[in-house]
Amino acid sequence: MFHYVVQKRIKIVGILIFLVFLVIVIRIFYIQVFSKNKLDNLANSLWSRNLPILADRGKITDRNGVVLADNITTTSLVVVPVQIKNKEEVAENLARILNTDYLNIYSHLTKHTSIERIHPEGRRLSYDIAEEISALNYDGVYLLKESKRYYPYKEMLSHVIGYVGIDNQGLSGIELLYDKYLKGTDGGIKYYSDGKGLRLKMSEVYDKPVSGNNIALTIDVRVQEAIERELDNVVTKYNPENALIMVMNPNTGEIIGMSSRPTFDPNNYQNYDIETINRNLPIWMSYEPGSTFKIITLASAINEEKVNLFTDTYYDGGSISVENARIKCWKAGGHGAETFLNVVENSCNLVF
């Protein structure tokens, strides 16, 4: 009886051991086959680092393909703090080249981050400064391509096009409204490091950035240049608080030209007050049309054959009642008897 019980228990233990090993084998099989890609990606993310490369924004052109908003290539400085051996020396030399405070640069080099961007001193560096930094050949100090927005026509059409921030994000105008189409997809240079963050001697992976979409406006540069000239003439002659012109195709509603004063240069928008850079007067400013609308009334009357400019007459006595409102002529006592052509010449309120 005792022998039988022992054998039974050995069988049960054996079955349990078999089941445990079966579960382990199934789990290993699942990890190796079904979770391989996920685990590879997780492991890869632990020892890979990415140096970002910003994509070029899409260009903005007029209706004939003339470029109104373009890109120029600049260089920016990023550092990998853990790879920099002599932080005091590197900070001192970078501060000297960038003409900034030593402690400011040193604080960047001692941060506990995988990649640190030197901002704003290290952004959009000139060729000479970038060459001087490159010549130092320090480990952990990298110079990356960066795209900078450039507006070749400067103040022209500035309120319509708008401007971008230091990270190429649209902040106003077309740049803001169509930012998701213009900004593109950033790329990068992926390299590998060990657990301490030190760079491994393995091949780099280049992820090419994808430029944003180009946008063509209905604006015609030739018309726009004429508008800008006339606005400059108005400002020079009359020195108004503001002035604006808009040219539209009445058949389609397309805006052919639009501008206003005061204006600004979007290449250096930081030098202007917020009201100047954010108010596109032709679409922002309300203004009563007044006597300019009399042309519409007159044209409608002639088109419907209600009046004849040369033969029909009207007597302007100085005032008239319309729907219990008293409308006065701008001239005291009125203009007296006049043809409708005289009415147009005199801009007579009563007749219109």
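To begin, what percentage of the contacts in the protein with a separation of 6 or more is accounted for by residues 24 or more positions apart?

Modeller: The model is predicted, so local features need pLDDT of at least 70 and side-chain atom pairs count only at pLDDT 80 or more, whereas totals for chains, interfaces and linings use all residues. Residues are numbered from 1 along each chain as its sequence is written, and side-chain values use heavy atoms, with hydrogens and water left out.

The percentage is 64%, a contact being heavy atoms within 4.5 Å. Of the 352 residues, 34% are buried (under 20% relative accessible area, 1.4 Å probe, protein chains only).

A nonpolar core joins buried Ala, Val, Leu, Ile, Met, Phe, Trp, Tyr and Cys residues through side-chain atoms within 4.5 Å. The largest has 21 residues, and I60, L68, Y151, L157, I161, Y163 and L217 have the most contacts inside it. At least two of its residues come from each of β3 (67-79), α6 (158-161) and β10 (255-261); helices (H or I, at least four residues) and strands (E, at least two) are DSSP runs numbered from the N terminus. A second, separate core of 16 residues includes L77, I84, A95 and I97.

Leaving aside residues up to four places away in sequence, Y163 touches Y151, Q169, G170, L171, S172, E175, F264, P266, Y269, I277 and N278.

As for β10, this strand pairs with β9 (residues 243-248) in the antiparallel sense over six bridges, where pairing requires at least two DSSP bridges. Within β10, S259 is the bridge partner of I245. Six residues lie between the strands of this hairpin, in which G253 takes a positive phi near 80°.

Key: Buried means under 20% relative accessible area, exposed over 50%, partly exposed in between (1.4 Å probe, protein chains only).
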